[in-house]
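Hi there,

Here is the structure I promised to send over. Have a look at it first, and then read on for my notes.

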Amino acid sequence: MNLKMIGKIIGYILAIIILIELYEHQLGAISFFILTVVFFTAAFRQKSKKESA
């Protein structure tokens, strides 16, 4: 495993912990908003890869 992969794994774990904490404090809408932004950026990256290829 390289350093970049370890950084991603740590980031994912921290994101999951933050989302769980927000949900426990009845702020689930914020969690869903954050997930929406993440999925939108992932879809945008996929679309731009397809257009450039």
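Predicted model: local features only at pLDDT ≥ 70, side-chain atom pairs only at ≥ 80, totals over all residues.

L35 has a relative accessibility of 30%, so it counts as partly exposed. It also belongs to a nonpolar patch on the surface, together with L27, I30, F32, F33, I34, V37, V38 and F39. Taken together, the residues of that patch have about 840 Å² of accessible area.

Now for the overall picture. The protein has 2 helices and 0 strands. Its radius of gyration is 14 Å, well over the 10 Å that the globule rule gives for 53 residues, so the protein is more spread out than a compact globule. Along the principal axes, the C-alpha atoms fill a box of roughly 45 × 30 × 5 Å. How much of the protein is buried? Buried residues make up 8% of the 53 residues. The protein exposes about 5,100 Å², and carbon and sulfur atoms supply 73% of that area.

Next, helix α1, which takes in residues 3–24. At 1.5 Å a residue, its 22 residues should span 32 Å, and the C-alpha atoms at its ends are 32 Å apart, so the two values agree. G7 has its place in this helix. With a relative accessibility of 41%, G7 counts as partly exposed.

What happens just after α1? There, Q26 takes a positive phi of about 60 degrees. I flag this because Q26 is exposed, with a relative accessible area of 74%, and because its positive phi occurs in a residue other than glycine. Q26 is found in the loop between α1 and α2.

The structure holds 1 aromatic pair. The partners are F40 and F44, whose ring centres are 6.5 Å apart and whose planes meet at 20 degrees, so the pair is stacked. For stacking, the planes have to be under 30 degrees apart. Both residues lie in helix α2, 4 residues apart, which is about one turn of the helix. Are F40 and F44 buried or exposed? Both are exposed.

One more residue in α2 to look at is R45, which lies in that helix. R45 is exposed, and its relative accessible area is 59%. Between R45 and Y12 there are 33 residues of separation along the chain, and their C-alpha atoms are separated by 18 Å.

To find your way around, I would begin with the two helices, then go to Q26 in the loop between them, and finish with the stacked rings of F40 and F44. Happy to go through any of this with you.

Best wishes

Technical notes: Residues numbered from 1 in each chain as written. Heavy atoms only, no water. Patch = residues over 30% accessible without salt bridge, like charges linked within 9 Å, V, L, I, M, F, W, Y side chains within 5 Å. Areas by Shrake-Rupley, 256 points an atom, 1.4 Å probe, with all protein chains shown as cover. Salt bridge = Lys/Arg side-chain N within 4 Å of Asp/Glu carboxyl O. Buried < 20%, exposed > 50% of the residue type's maximum accessible area, 1.4 Å probe, protein only. Phe/Tyr/Trp six-rings, centres within 6.5 Å; stacked < 30°, edge-to-face > 60°. Expected span 1.5 Å × (residues − 1). Rg over C-alpha atoms; globule rule 2.2 N^0.38 Å.
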